[in-house]
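Let's take a friendly walk through the strands of this model. Have the structure open beside you as you read.

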Amino acid sequence: MAWLKFSQMAISCQDPIATEKFYTKYFGFQRARVAPLGKEQIVFLKLDDMYLELIQAKEESPTYQIRNDGPAYPGWRHLGFQVDNVDAKLAEMGEDAKISLGPLNFDEFISGWRSVWITDPNGNIIEISQGYTDQDNPPSLEANEEVASIC
């Protein structure tokens, strides 16, 4: 396979300035580039090797409302961040942490794994999680084809 690296998630924003303030204040992103497009602009925010591309929305949101941990239909469900302590992060965010689900404990799967889902200024779902760890020897795709075919 040729060289490949995860690059970015693009967000169509009702209010790009509010969106930029949210991700810079609570998740440590910083402006990396502003690309002028006539009367509009695209703002690239960077955190380590990940970028968020903020674009002014040109249409209203569909009539459905995204809830809980994200939509159940095919598509991107949510964007996730790892923190040391979910409760501390929620306290830091105060009223800006609009909880859509949780916090929930997943100790039956991984000791100490805990998550909460919030919405950003555009209603997109963000998972904030603590304690997740990879499985030492996950079953191979071939050994797990029946479960994989569900996705």
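Strand S3 (residues 40-47) and strand S4 (residues 50-56) run antiparallel and are joined by six bridges; here strands are DSSP runs (E, at least two residues), numbered from the N terminus, and two strands pair if DSSP finds at least two bridges between them. Within this pair, Val-43 stands opposite Leu-54 in S4. Both strands belong to an open sheet of four, ordered S1-S4-S3-S2, with mixed pairing. At its edges lie strand S1 (8-13) and strand S2 (30-37), each pairing on one side only.

This is a predicted model, in which local features need pLDDT of at least 70, side-chain atom pairs count only at pLDDT 80 or more, and totals for chains, interfaces and linings use all residues. Residues are numbered from 1 along each chain as its sequence is written, and side-chain values use heavy atoms, leaving out hydrogens and water.

Now for strand S7 (residues 114-119): six of its six residues are buried, so S7 is largely enclosed by the rest of the structure. Buried means under 20% relative accessible area (1.4 Å probe, protein chains only). Arg-114, Val-116 and Ile-118 point one way from S7, while Ser-115, Trp-117 and Thr-119 point the other way. In a regular strand, side chains alternate between the two faces of the sheet.

| Pair | Bridges |
|---|---|
| S6 (residues 98-105) and S7 | five bridges |
| S7 and S8 (residues 125-130) | six bridges |

Lys-98 stands opposite Thr-119 in S7, and Arg-114 stands opposite Gln-130 in S8. S7 and S8 form a hairpin with five residues between them, and Gly-123 in the turn has a positive phi of about 90°.

Methods
Buried means under 20% relative accessible area, exposed over 50%, partly exposed in between (1.4 Å probe, protein chains only).
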